[in-house]
Amino acid sequence: MFNLIKKDFILSRKINIFAVIYGLFIAAMGLTMPDPLMSTLLYVFGMIILIFITVIYTNGYDDKYKSEIILNSLPMDRKNIVRAKYMALILFIVISCGTVLIFTNIILKLGIASTGKGASIWNAIFVTNISLIFYSIYYPIYFKVGEGLRSFNTMLWILMVIGPTVLSKLMEGLDNIGYLEKIIDMDINRINIYVLILSLIMFYMSMKISEKIYRTREF
């Protein structure tokens, strides 16, 4: 299992550099925003983009080169293939969130951006929650249909591109109806901790479901 995680990690270093720059550019935009909530959303979106790109690239590589057929021809327990994907995701979350955290705070330290504050550990926890919940749903389907998710992945790519514009419109809409101030006043950090516990439980259950699905899948 460790070697499978290592394989995905090595593949992740070959992702498109322009996609990484796009994710970091979105995060850097947060440093220029006078509104703290808008800054937070851009940091979160930058982290999500990096995680999404990494997962899509490594899974796409497996689909393109039929890696699963090769792996299943080896004397290997299928549950380790599933677990490696889930563990690799956690690794990608840590790396992606850490990259945005370090990147935005270095820019602030260098004085390149004089307004706002850098991404925080709470932003990273929030992104972890979203990612764990999303991939808890995504991975059982992925292990069921494999390449059949290609069209769905294309739609996610489009969402990643238009995401900042949609976020901006959403913020304006919430501000106009008076909900923006209420959201800012909420104790988001406490909610974050509760959701983290639930998302970890959901992630574990998803892994067990994926193991069961993948064990009976035919190649």
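How far apart do the end C-alpha atoms of residues 40-58 lie, and what are the percentages of helix and strand over that span? In this predicted model, the end C-alpha atoms of residues 40-58 lie 28 Å apart, and the span is 100% helix and 0% strand.

**Annotated spans**

- An unreviewed UniProt entry lists residues 15-34, 40-58, 86-108, 120-142, 154-171 and 191-207 under "transmembrane region".
- For residues 191-207, one of the spans that the UniProt entry lists, the end C-alpha atoms are 24 Å apart, and the chain there is 100% helix and 0% strand.

**Nonpolar core**

- The largest nonpolar core has 52 residues, and the members that touch the most other members are Met47, Leu89, Tyr135 and Tyr139.
- At least two residues of this core are supplied by each of α1 (2-12), α2 (17-29), α3, α5 (78-110), α6, α7 (150-176) and α9, and the element that gives the most is α3, with 15 residues.
- When residues up to four places away in sequence are not counted, Tyr139 touches Val55, Asn59, Lys85, Tyr86, Leu89 and Ser210; among these, Leu89 is, like Tyr139, named with the core members that touch the most others.

**Two buried positions**

- Thr54 lies in helix α3, which covers residues 36-64, and with a relative accessible area of 7% Thr54 is buried.
- The residues that Thr54 touches, leaving aside those up to four places away in sequence, are Ser12, Ile15, Phe92 and Ser96.
- Ile26, which lies in helix α2, is buried with a relative accessible area of 2%.
- Although Ile26 and Met47 are 21 residues apart along the chain, their C-alpha atoms are separated by 9.1 Å.

**Nonpolar surface patch**

- A nonpolar patch on the surface is formed by Ile121, Trp122, Ile193, Tyr194, Ile197, Leu198, Ile201, Tyr204 and Met205, which together have about 940 Å² of accessible area.
- Two or more residues of the nonpolar patch come from each of α6 (121-145) and α9 (188-215), with α9 giving the largest share, seven residues.
- Met205, one of the patch residues, is found in helix α9.

**Salt bridges**

- Side chains of opposite charge can pair when their charged atoms come close.
- With a cut-off of 4 Å between a side-chain nitrogen of Lys or Arg and a carboxyl oxygen of Asp or Glu, the count comes to two salt bridges.
- In one of them, Glu211 pairs with Arg83, and the closest N and O atoms are 2.7 Å apart; because Glu211 lies in helix α9 and Arg83 in helix α5, this pair ties together parts that are 128 residues apart in sequence.
- Glu211 counts as buried at 4% relative accessibility, because the limit for a buried residue is under 20%, whereas Arg83, with a relative accessible area of 23%, is partly exposed.
- Glu211 also forms a salt bridge with Lys208, where the closest N and O atoms are 3.7 Å apart, and both of these residues lie in helix α9, three residues apart, which is about one turn of the helix.
- Lys208 is partly exposed, with a relative accessible area of 33%, and salt bridges that share partners join Arg83, Lys208 and Glu211 into one network.

How values were computed
Residues are numbered from 1 along each chain as its sequence is written. This is a predicted model: local features need pLDDT of at least 70, side-chain atom pairs count only at pLDDT 80 or more; totals for chains, interfaces and linings use all residues. Side-chain values use heavy atoms; hydrogens and water are left out. Helices (H or I, at least four residues) and strands (E, at least two) are DSSP runs, numbered from the N terminus. Buried means under 20% relative accessible area, exposed over 50%, partly exposed in between (1.4 Å probe, protein chains only). Contact means heavy atoms within 4.5 Å. Patches are made of residues with over 30% relative accessible area and no salt bridge: like charges are joined within 9 Å, nonpolar side chains (Val, Leu, Ile, Met, Phe, Trp, Tyr) within 5 Å. Accessible areas come from the Shrake-Rupley method with a 1.4 Å probe; for residues, only the protein chains shown count as cover. UniProt positions are given in the numbering used here, feature names are shortened, and annotations may be inferred rather than shown by experiment. A nonpolar core is a set of buried Ala, Val, Leu, Ile, Met, Phe, Trp, Tyr and Cys residues joined through side-chain atoms within 4.5 Å.
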